[in-house]
Amino acid sequence: MSDTRTFRPGGARVVAYAVAVIMLVLTGVIAFALPDEIYFTTAETVTLWIIIVAVLALLHGIGRSVVVAGEEGVEVVNGYRRHDVSWHEIEGFAMNDGAPWPTLVTTDDERIMLFAIQGSDGGRYAREALAYLRGRVS
């Protein structure tokens, strides 16, 4: 039996995907509500869709953040960047009072923010996640 735990942001994830849905619904409502004499040029339409896709990609990056603590080490996904750190490479975890999320500190003094463990999700959740991760460091 493996001891694997997964941590994801709660509130930030809900807000990110809710904003994405609201944005798409409002875009559709506005598109159908405009009178026929108002129209967008091709360049304006392309620009609008580029902005919409960029915002959706940003929101999805927030929502997909995850920390997976497994047998071999910790996998951290912050937005679209992934870090795989083995347990023997981890010096420890830090989270100062008032910090929005903890930081993984490697033996090479590299610091990786753990966006998936949000202090805004409730101090208890972040403290418990941090205590679990600290307990896994040998």
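Predicted model: local features only at pLDDT ≥ 70, side-chain atom pairs only at ≥ 80, totals over all residues.
## Starting at Arg-111

Let's begin with one side chain: Arg-111 counts as exposed, with a relative accessibility of 52%. (Exposed means over 50% relative accessible area, buried means under 20%, and partly exposed is in between, using a 1.4 Å probe and protein chains only.) Arg-111 has a partner, Asp-109, and their side chains meet in a salt bridge with 3.0 Å from N to O. A salt bridge here is a side-chain nitrogen of Lys or Arg within 4 Å of a carboxyl oxygen of Asp or Glu.

Residues are numbered from 1 along each chain as its sequence is written, and side-chain values use heavy atoms, with hydrogens and water left out.

## Asp-109 and its loop

Asp-109 sits in the loop between β6 (103-106) and β7 (111-113). Asp-109 is partly exposed, at a relative accessible area of 47%. What is the phi of Asp-109, which is not a glycine? It is positive, at about 65°. For background, most residues other than glycine have a negative phi.

## The whole chain

Stepping back, the chain holds 3 helices and 7 strands. Read from the N terminus, the elements go β-α-α-β-β-β-β-β-β-α. (Helices are DSSP runs of H or I with at least four residues, strands are runs of E with at least two, and both are numbered from the N terminus.)

How does the radius of gyration of the chain compare with that of a compact globule of 138 residues? The chain has 20 Å, whereas such a globule would be near 14 Å. (The radius is taken over C-alpha atoms, and the globule rule is 2.2 Å times the number of residues to the power 0.38.) Along its principal axes, the C-alpha trace spans about 70 × 35 × 30 Å.

## Inside and outside

Of the 138 residues, 32% count as buried. The chain exposes about 8,900 Å², and carbon and sulfur atoms supply 61% of that area. (Accessible areas come from the Shrake-Rupley method with a 1.4 Å probe; for residues, only the protein chains shown count as cover.) Looking at contacts with a separation of 6 or more, residues 24 or more positions apart account for 51% of them. Contact means heavy atoms within 4.5 Å.

There's also a nonpolar surface patch of about 260 Å², made by Val-21, Val-25 and Val-29. (Patch residues have over 30% relative accessible area and no salt bridge; like charges are joined within 9 Å, and nonpolar side chains, meaning Val, Leu, Ile, Met, Phe, Trp and Tyr, within 5 Å.) Val-21 belongs to helix α1 (residues 11-33) and is exposed, with a relative accessible area of 51%.

## More salt bridges

Side chains of opposite charge can pair when their charged atoms come close. How many salt bridges does the structure hold? There are 5. One of them joins Asp-3 and Arg-136, whose closest N and O atoms are 3.5 Å apart. Asp-3 lies in the segment before β1 (5-7) and Arg-136 in helix α3 (residues 123-136), so this pair ties together parts that are 133 residues apart in sequence. Asp-3 is partly exposed at 35% relative accessible area, while Arg-136 is buried at 18%.

Elsewhere, a network of salt bridges links Glu-75, Arg-82 and Asp-84. Within it, the closest N and O atoms of Arg-82 and Glu-75 are 3.6 Å apart. Arg-82 counts as exposed at 52% relative accessibility, and Glu-75 is partly exposed at 22%.

## A look at Ser-86

Ser-86 is part of strand β4 (residues 81-86). Is Ser-86 buried or exposed? At 18% relative accessibility, Ser-86 counts as buried.

The side chain of Ser-86 makes a polar contact of 3.0 Å with the side chain of His-88. (That's a pair of N or O atoms within 3.5 Å; within protein, one must be able to donate a hydrogen and the other to accept it, and residues adjacent in sequence count only if both atoms are side-chain atoms.) Setting aside neighbours within four places in sequence, Ser-86 is in contact with Glu-72 and Gly-73. As for Arg-5, Ser-86 is 81 residues away from it in sequence and 15 Å away in space, C-alpha to C-alpha.
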